[in-house]
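Welcome! Take a moment to turn the structure around and get used to its outline before reading on.

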Amino acid sequence: MKLFFYQTEIGKVGIAEEGGSITNVFLRGDPAPPDAEVCETEVIREAARQLYAYFAGDLREFSLPLAPRGSEFMKKVWKALCEVPYGRTASYKEIAAAAGNPKAARAVGQANNRNPIPIFIPCHRIIGSDGSLVGYGGGLDLKKKLLEMEGRN
C-alpha cells in the first residue's frame with residue numbers, strides 16, 4: 001500500500017492506493033498501517049486534486065478508480081452510497097433497498113461504518129430515517145460540516 005498525507009480544511013487526510021486504485025482514506029487520527037510506503041503516486045495526487053476541488057465547491061462527483069475491500073454486501077452498499085447525489089441525503093433503509101435487501105438497514109449501518117474510502121464513497125450523506133445525523137467514522141461534527149458544504153442541513 002502506498003500512502004500520502006495532505007493538509008486540508010478538515011485536517012490531515014491520508015489517501016492510500018494499491019495497484020492504481022484508491023483503497024483507503026484516513027481521517028482525523030485514523031491509524032494508518034505501519035507498513036504503508038509513504039509516497040505520492042499519480043492516482044493519489046489526482047485523488048487529492050479532486051478532494052481539494054470538492055472542498056472548494058468546484059467538484060460534485062469524483063471520478064477515481066476505487067477498490068474498497070469488504071464483503072459482497074458491503075460492496076453493494078458502497079456502490080449504492082456512490083449513487084446518492086451531491087447535496088442530497090438518503091436513509092439507511094433507502095440504501096438497504098438500493099443494495100437489494102430492504103430489511104438490512106442495520107447491516108447497511110455496519111457497512112457504512114466500515115467504509116474504507118470516506119468522502120470519495122459518500123457515507124456522510126446517509127442519515128437516520130427521521131432525518132437525524134447518526135454515526136460517522138470521522139465524527140458527527142465532520143459529517144455535519146461535509147453536509148453543510150454540500151448545502152444540506
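Which residues lie nearest the centre of the second largest pocket? They are Arg-60, Glu-61, Phe-62, Cys-82 and Arg-125, part of a lining of 15 residues. Please keep in mind that this is a predicted model.

By class, ten of its lining residues are nonpolar, one is polar and four are charged.

The largest pocket has a volume of about 260 Å³. Its lining is made of 17 residues, and those nearest the centre are Asn-112, Asn-113, Cys-123, Tyr-136 and Gly-137. Two elements each give two or more residues to this lining: β3 (21-27) and α4 (105-113). The biggest share comes from α4, with three residues. Sorted by class, the lining of the largest pocket has eight nonpolar, seven polar and two charged residues.

**A closer look at helix α1**

Helix α1 covers residues 42-55, which makes 14 residues. From its first C-alpha to its last, α1 reaches 20 Å, close to the 20 Å expected at 1.5 Å a residue. Several of its residues are buried, among them Val-43, Ile-44, Leu-51 and Phe-55. What covers the buried residues of α1 includes the strands β1 (2-8), β2 (11-18) and β3, along with helix α5 (140-149). After the helix comes Gly-57, whose phi is positive, near 85°.

**Salt bridges**

Side chains of opposite charge can pair when their charged atoms come close. Across the whole structure, a search finds seven salt bridges. The table shows some of them.

| Pair | Closest N to O distance |
|---|---|
| Lys-79 and Glu-83 | 3.1 Å |

Glu-18 is partly exposed, at 31% relative accessibility, while Arg-69 is exposed, at 51%.

The pair Glu-46 and Arg-49 sits within helix α1, where the two are three residues apart and so separated by about one helical turn. Glu-46 counts as partly exposed, with a relative accessible area of 28%, and Arg-49 is partly exposed at 49%.

Are Lys-79 and Glu-83 buried or exposed? Lys-79 is exposed, at 54% relative accessibility, and Glu-83 is exposed too, with a relative accessible area of 53%.

Terms used:
Residues are numbered from 1 along each chain as its sequence is written. This is a predicted model: local features need pLDDT of at least 70, side-chain atom pairs count only at pLDDT 80 or more; totals for chains, interfaces and linings use all residues. Side-chain values use heavy atoms; hydrogens and water are left out. On a 1 Å grid over the protein atoms alone, a cavity is a set of points where a 1.4 Å probe fits but cannot get out, and a pocket is an open set with protein on both sides within 12 Å along at least five of seven lines; lining residues have an atom within 4 Å of a point. Grid points are joined across faces, edges and corners, and a volume is the space filled by probe spheres set on the points. Helices (H or I, at least four residues) and strands (E, at least two) are DSSP runs, numbered from the N terminus. Ala, Val, Leu, Ile, Met, Phe, Trp, Tyr, Cys and Pro count as nonpolar, Asp, Glu, Lys and Arg as charged, and the others, Gly among them, as polar. The expected span of a helix is 1.5 Å times one less than its number of residues. Buried means under 20% relative accessible area, exposed over 50%, partly exposed in between (1.4 Å probe, protein chains only). Contact means heavy atoms within 4.5 Å. A salt bridge is a side-chain nitrogen of Lys or Arg within 4 Å of a carboxyl oxygen of Asp or Glu.
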